[in-house]
Amino acid sequence: MDYRFAIALIYDFDGTLAPGNMQEYDFIPAVGKSNKEFWSEANALAEEQDADMVLTYMARMIQEAKSKGLSLRREAFQESGRRVALFRGVQEWFSRINAYGAAKGIRILHYINSSGLKEIIEGTPIAREFRKIYACSFLYDVDGIAYWPAVAVNYTNKTQFIFKINKGVESVFDAKEVNRYIPEEQRPVPFKHMIYVGDGTTDIPCMRLVKSSGGHSIAVYNPDRKGARKEMASLIHDNRVSHVCPADYSEGAEMDVLVKTIIDKIDLDARLAELEVVR
């Protein structure tokens, strides 16, 4: 099929597509810790060493797995991903939105931009839906054992992946091409064709970047958590996001209607721009 253009839907993972943190479904119970214990220890290490909290949680994962004799192979992390629960409607979401875009001649590209672990996301049933998963990951030795962080994604360096998507540079390693000047109209996914979906403070720089560059940002919250929507009100008040809605991806739900409406708007804006060029 020939598409007129592409729209990028970019998602955080934890709290956006799945409730809670992905490590809490399988890994943390397996090392015999409570969620509070694990995260408190990781954050205390960051404070003590004046380190990045993402790097310290990754270090704690390796330390805890080794101490309990758990596998540090990629396959073991992927197996953890199979136990991650998803919000309502997530599994059916992608094909439905893809079809909605295709009916208008628009290709929908889905990306993950997460401080969670890529290997765990790869084990979830929706991993195949993403063109690229930008997330934390480990280096593996010749025996396939994780021994060091390969990529650490925190709340500020998340923005680099927005620029990679914008310029069509999918490699994490490639820092040359992403810094090359490309006129905005020649970029594969202009900012105005982006929809960023996140749930909290780690997503604020990305949501603000996309919104201020002409795209759309959506803050989602757990519909089963009382008072969650009220906590998001400041994001709109501070002009960081365009919309707030429950993380319910079912057909006809608020999120479904909102994203389809944004796709409609991007489509109409593109058609109007084409008419202006003709004149």
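Q: What relative accessibility does K104 have, and what does it count as?
A: K104 comes in at 23% relative accessibility and counts as partly exposed. That label sits between buried, under 20% relative accessible area, and exposed, over 50%, using a 1.4 Å probe and protein chains only.

Q: Before I go on, what kind of model is this?
A: It's a predicted model, where local features need pLDDT of at least 70 and side-chain atom pairs count only at pLDDT 80 or more, while totals for chains, interfaces and linings use all residues. Residues are numbered from 1 along each chain as its sequence is written, and side-chain values use heavy atoms, with hydrogens and water left out.

Q: Okay, back to K104. Which residue does K104 form a salt bridge with?
A: That's D264, with the closest N and O atoms 3.1 Å apart. K104 sits in the loop between α5 (90-102) and β2, and D264 is in helix α11 (residues 254-278), so the pair links distant parts of the chain, 160 residues apart. Like K104, D264 counts as partly exposed, at 22% relative accessibility.

Q: What's the rule for a salt bridge, and how many are there?
A: You need a side-chain nitrogen of Lys or Arg within 4 Å of a carboxyl oxygen of Asp or Glu. By that rule the count comes to 21.

Q: Which residues are linked in a network of salt bridges?
A: K33, E41, R60, E64 and K68 are. Take E64 and K33: their closest N and O atoms are 3.7 Å apart. E64 lies in helix α3 (residues 53-68) and K33 in the loop between α1 (27-30) and α2 (35-49), so this bridge ties together parts that are 31 residues apart in sequence. E64 is buried, at 5% relative accessible area, whereas K33 is partly exposed at 22%.

Q: And how far apart are the closest N and O atoms of E64 and K68?
A: They're 3.8 Å apart, and that makes another salt bridge. Both residues lie in helix α3, 4 residues apart, about one turn of the helix. K68 is partly exposed at 45% relative accessibility.

Q: Why does a gap of three or four places matter in a helix?
A: An α-helix has 3.6 residues a turn, so residues three or four places apart point the same way.

Q: How do you decide what's a helix or a strand anyway?
A: They're DSSP runs numbered from the N terminus: H or I with at least four residues for helices, E with at least two for strands.

Q: Tell me about α3 then. What span should its 16 residues have?
A: At 1.5 Å a residue they should span 22 Å, and the end C-alpha atoms are 22 Å apart, which agrees. The expected span is 1.5 Å times one less than the number of residues.

Q: What sits at its ends?
A: D52 caps the N-terminal end, with a side-chain oxygen 2.7 Å from the backbone nitrogen of V54. Just after α3, G69 takes a positive phi of about 70°.

Q: Which residues of α3 are buried, and what covers them?
A: The buried ones include V54, Y57, M61 and I62. Among the elements covering them are α1, α2, β2 and β3. Contact here means heavy atoms within 4.5 Å.

Q: New topic: how many aromatic pairs are there?
A: There are 11. One is Y111 and Y134: the ring centres are 6.5 Å apart and the planes are at 10°, so the pair is stacked. Y111 is in strand β2 (residues 106-117) and Y134 in strand β3 (residues 132-140), 23 residues apart. Both are buried.

Q: What are the cut-offs for a ring pair?
A: Rings of Phe, Tyr and Trp (its six-membered ring) pair if their centres lie within 6.5 Å; planes under 30 degrees apart are stacked, over 60 edge-to-face, and the rest tilted.

Q: Which rings are linked into a cluster?
A: Ring pairs link F27, F38, W39 and Y57.

Q: Last one: how many disulfides are there?
A: The count is 0, where a disulfide is a pair of cysteine sulfur atoms within 2.5 Å. The sulfur of C136 is 13 Å from the closest cysteine sulfur, in C206, too far for a bond. C245 is in no disulfide either, since the nearest cysteine sulfur, that of C206, is 18 Å away. C136 is buried at 0% relative accessible area, and C245 is buried at 0% too.

Notes:
A polar contact is a pair of N or O atoms within 3.5 Å; within protein, one must be able to donate a hydrogen and the other to accept it, and residues adjacent in sequence count only if both atoms are side-chain atoms.
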